[in-house]
Amino acid sequence: MEIFKKEKNESCEAEKYRHEFKYLCTDAQLTMLEVRLMGIMSKDIHAGPNGRYLIKSLYFDDINNRCFMENEEGTGPREKYRIRIYNNDPERISLECKRKENDKINKKSCLLTREQYDWLVYDRASGRMEELPALAQKLLVLKMCNKMGPKVIVSYERIPYVYRNGNVRITFDRNIASSSRIEDFFRTDTGQRQILPSGQQLLEVKYDEYLPDHIYHALSLANMQRIAFSKYYLCRKYHL
């Protein structure tokens with residue numbers, strides 16, 4: 001297994017970046033990894049009684065599909081804007097900007113009201129622009145200048161594990177699916193298309209400066225190769 005570099009004593013950065021690595025796994029591999037991690041990591045407190053939750057994200061791109069093309073060409077650094085909800089709950093809507101540089105990521109986020117969501121997605125202005133959160137103002141400027149707009153819905157079931165030292169987060173993402181029906185974002189019965197072959201799932205590993213040794217070794221499995229994987233890119237491919 002090509003596993004994660006443990007980098008310490010990195011130079012200070014103006015913004016906090018985290019390491020992010022992704023692996024395609026079989027159901028059997030994820031089951032084995034979960035058994036290993038259960039004894040050394042904790043379930044995320046935001047997970048439900050079954051230890052998992054549903055994530056649904058609405059991704060934006062511009063008129064030239066810049067975000068899509070940057071993923072296809074491996075261009076960096078690059079940014080993606082998305083609106084996210086959990087467990088189909090419309091009471092907590094989050095706007096996020098994820099910036100990727102090599103194997104590191106930085107994420108900014110803010111909460112949106114339903115009216116602000118309608119403004120960003122459907123151009124239904126409600127109030128003055130300066131009343132929006134700063135991140136929403138930036139997206140609105142991109143919409144006006146670069147014709148940014150909502151393109152695809154990405155949904156999946158996530159099982160999250162966390163560990164305080166190193167701020168480690170290990171997630172198992174199952175049943176990744178896409179939909180181009182933007183108007184169905186808050187619906188629970190939206191028609192979606194699975195993007196991975198049956199029995200294939202995604203493992204994500206995120207941490208700050210270092211990955212503790214016992215977690216490093218617990219994640220070591222033969223025939224599990226690191227990949228460049230973008231949920232947005234793969235989901236969008238089905239609808240272009």
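A contact, or touch, means heavy atoms within 4.5 Å. This is a predicted model, in which local features need pLDDT of at least 70, side-chain atom pairs count only at pLDDT 80 or more, and totals for chains, interfaces and linings use all residues. Residues are numbered from 1 along each chain as its sequence is written, and side-chain values use heavy atoms, with hydrogens and water left out. By the contact criterion, Gly199 touches Cys25, Thr26 and Asp27, leaving aside residues up to four places away in sequence.

**Confidence**
- The protein has a mean pLDDT (the predictor's confidence in each residue, from 0 to 100) of 89, and 92% of its residues reach 70 or more.
- Residues 1-14 have pLDDT below 50, and beyond near neighbours in sequence this stretch has 36 contacts in the model.
- Where pLDDT is low, the predicted coordinates should not be read in detail.
- Confidence is highest in helix 3 (residues 114-122), at a mean of 97, and lowest in strand 11 (residues 226-227), at 85.

**Overall fold**
- Six helices and 11 strands make up the secondary structure; these are DSSP runs numbered from the N terminus, helices being H or I of at least four residues and strands E of at least two.
- The radius of gyration, taken over C-alpha atoms, is 18 Å, close to the 18 Å that the globule rule gives for 240 residues, so the protein is as compact as a globular protein of that length. The rule is 2.2 Å times the number of residues to the power 0.38.
- The C-alpha trace spans about 50 × 45 × 35 Å along its principal axes.
- Among contacts with a separation of 6 or more, 70% join residues 24 or more positions apart.

**Burial**

**Lys143**
- Lys143 lies in helix 4 (residues 134-146).
- Its relative accessibility is 9%, so Lys143 counts as buried.
- Beyond residues up to four places away in sequence, Lys143 touches Trp119, Leu120, Val121, Asp123, Met148 and Gly149.

**Gly199**
- Gly199 sits in the loop between strand 9 (193-194) and strand 10 (200-207).
- With 26% relative accessibility, Gly199 counts as partly exposed.
- Gly199 and Asp27 are 172 residues apart in sequence, yet 5.5 Å apart in space, C-alpha to C-alpha.

Methods
Buried < 20%, exposed > 50% of the residue type's maximum accessible area, 1.4 Å probe, protein only.
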